[in-house]
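I opened this notebook to keep track of what I looked up in one protein structure.

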Amino acid sequence: MSDDVTAEDGGAIPHWYSPDGDGITIVDGEDATVYDDAGNAYLDFLSQLYCVNAGHSNETILDAIDDQARTVPYVSSAKHNDTRSALAGALTDVAPANLTDVFFSVTGSEANEAAIQIARKVQDAPKVLTRWQSYHGGTYGAGALTGDPSTRSTLERYAATTGSGKFLPPLPECFDGATGEALAEKAANHVEYVLRNEGTDSVAAIVMEPVAGTSGAYTAPPGYFERLRAICDDHDVLLISDEVIAGFGRCGDWFGIQTEGVKPDMITFAKGVTSAYVPLAGVIVDEAVAAEVRAADHDLGQTFAGHPVACAAGLAALEAYDDGLIENGVEVGAYLEERLKAVADRHDAIRECRGRGMLWSLVFEDPETGEPFFDPLSEAEGENPVAAVRQEAEDHGVLFGSGRPDVQVIVSPPLCVTREEVDQAVDALDAAIETVFAETAAPADD
């Protein structure tokens, strides 16, 4: 960057860029707190992008990065490397027992693309089924999987995404208000109907998050995943669990699907595998899938997949998670749930509090109409009070996330967060809701 160009008028273009955006400039971080260039502190209750699971200053991870960089900083992804192999073994040790091999990638989008490439090859079938109201990435292949309309419309403005079908998520509003076992049965029956309608021989896999990420932190009703596993087995379709956000303690276990007691055929991962200190992603596959891949050439790869420095960070992150971080996430996550549900009970503007572990969403709607205060999927312009809530909280030192669609506040702190920090953050959120919706309800000046 030239001397006369500043961060405000040139240089790096942010992702999810908007010309109206005026984001803070983060220059430092420690545990669950980040600091901007003016010295202001913010509790990071979105873990940046739901990925800094170990917090911003974990010495175990930082030391491992330094040691590996001084040993051998890069090894081709077409060669073997001791650190890479060690991480593959460590990942399969904590994954469901049927998963035995790892194919590394760089980002979550690319991990999901790798998974569907493998699934299509192994199954000799072209289609993959995913949910509406889902997010699996922003590249063309992963974008085809994504059920978020804003992402798909952006990608498809100049080129179509293909090769996927969509089914409805297991949400009460999609199935006549059903809940519990009734919702599980209706939603699973719907998946099987879509699968049959697409033609079971043409479908390679079903991909879904065990707990939704940016699409709203919604969980499945009890019995849904068991039924889904049975449907996949009956029709010889692979079940892929997208753990890019849900993995590495975020939802209360090593992987979110383990909280459902179901064994998938593949897990995709990224983000928390290194606590986002270094980019790394991949696919953990079961023994049968691995054998199929190893039996023939696989002429696809990425230069930086399984980067040794990233793998060293991953090994250290797994050590940190096992050394009390996941346990703390479970304990403090229960307290976070309690506090958030109390906030939801206090505000009529909150329709629902949903989530698991350290991944939660507060969903807002107008209690008089049952509709969003502002619907970004159908309204091009207008004031969104949910965005105003997040801004008000940021102004008071707490960062929260936005969901897809933006009718919700996502709450997703690092696993190292304390109960005191939960109190501070939730109190700020409570006050922000009170401020914004008091202004919304106030009569206009004459």
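The entries below go from confidence to sheets, then to spaces and single residues.

**Entry 1: confidence**

I noted before anything else that this is a predicted model. I looked up the confidence and found that pLDDT averages 92 over the chain. A score of at least 70 is reached by 95% of the residues.

**Entry 2: a mixed sheet**

I traced an open sheet of four strands, and I wrote its order down as β1-β2-β3-β13. Its pairing is mixed. At the edges I found β1 (26-30) and β13 (398-399), each of which pairs on one side only. I followed β1 to its partner β2 (residues 33-36) and counted four bridges between the two, which run antiparallel. One pair I looked at in detail was aspartate 28, whose bridge partner in β2 is tyrosine 35.

**Entry 3: an antiparallel sheet**

I traced another open sheet of four strands, with the order β11-β12-β15-β14. Here the pairing is antiparallel. Why does one side of β11 and of β14 have no neighbour in the sheet? β11 (350-356) and β14 (401-402) are at the edges and have a single partner strand each, so one side of each is left without a neighbour there. I checked β11 against β12 (residues 359-364) and found six bridges in the antiparallel sense. Among the residues involved, arginine 356 has leucine 359 in β12 as its bridge partner.

I also looked at the loop between β14 and β15 (408-411), where proline 405 has its place. The peptide bond that joins arginine 404 and proline 405 is cis, with omega at about 0 degrees.

**Entry 4: strand β7 and its partners**

Is β7 mostly covered or mostly open? I checked strand β7 (residues 203-208) and found that six of its six residues are buried, so I put it down as mostly covered, buried being under 20% relative accessible area. I then listed its partners. Strand β5 (residues 127-131) runs parallel to β7 and is joined to it by three bridges. In that pairing, valine 128 has alanine 205 of β7 as its bridge partner. Strand β8 (residues 238-242) also runs parallel to β7, with four bridges between them. There I found valine 207 opposite isoleucine 240 of β8.

**Entry 5: a cavity**

How many cavities of 30 Å³ or more does the structure hold? I found one. The volume of the largest cavity is about 30 Å³. Its lining includes Val207 and Met208, and I noted that β7 spans residues 203-208.

I looked up the second largest pocket and read a space of about 740 Å³. It is lined by 22 residues, and the closest to its centre are Ser77, Val102, Phe103, Phe104 and Arg294. Two or more lining residues come from each of α3 (82-94), β4 (99-105) and α9 (287-294). β4 gives the most, with four residues. By class I recorded eleven nonpolar, seven polar and four charged residues in this lining.

**Entry 6: single residues**

I looked at helix α1 (residues 47-50), which holds serine 47. The phi of serine 47 is near 50 degrees, a positive value in a residue other than glycine. Glutamine 48 is found in helix α1 as well, and its phi is also positive, about 65 degrees, although it is not a glycine. I compared their accessibility. Serine 47 is buried, with a relative accessible area of 0%, whereas glutamine 48 counts as partly exposed at 28%.

Is aspartate 176 buried or exposed? Its relative accessible area is 75%, so it counts as exposed, the cut-off being over 50%. Ten residues separate aspartate 176 and lysine 186 in sequence, and their C-alpha atoms are 9.7 Å apart in space.

Methods
Residues numbered from 1 in each chain as written. Predicted model: local features only at pLDDT ≥ 70, side-chain atom pairs only at ≥ 80, totals over all residues. Heavy atoms only, no water. pLDDT = per-residue confidence, 0-100. 1 Å grid on protein atoms, 1.4 Å probe; cavity = no way out; pocket = protein on both sides within 12 Å on 5 of 7 lines; lining within 4 Å. Points joined across faces, edges and corners; volume = space filled by probe spheres on them. Nonpolar A, V, L, I, M, F, W, Y, C, P; charged D, E, K, R; others polar. Pairing = 2+ DSSP bridges. Buried < 20%, exposed > 50% of the residue type's maximum accessible area, 1.4 Å probe, protein only.
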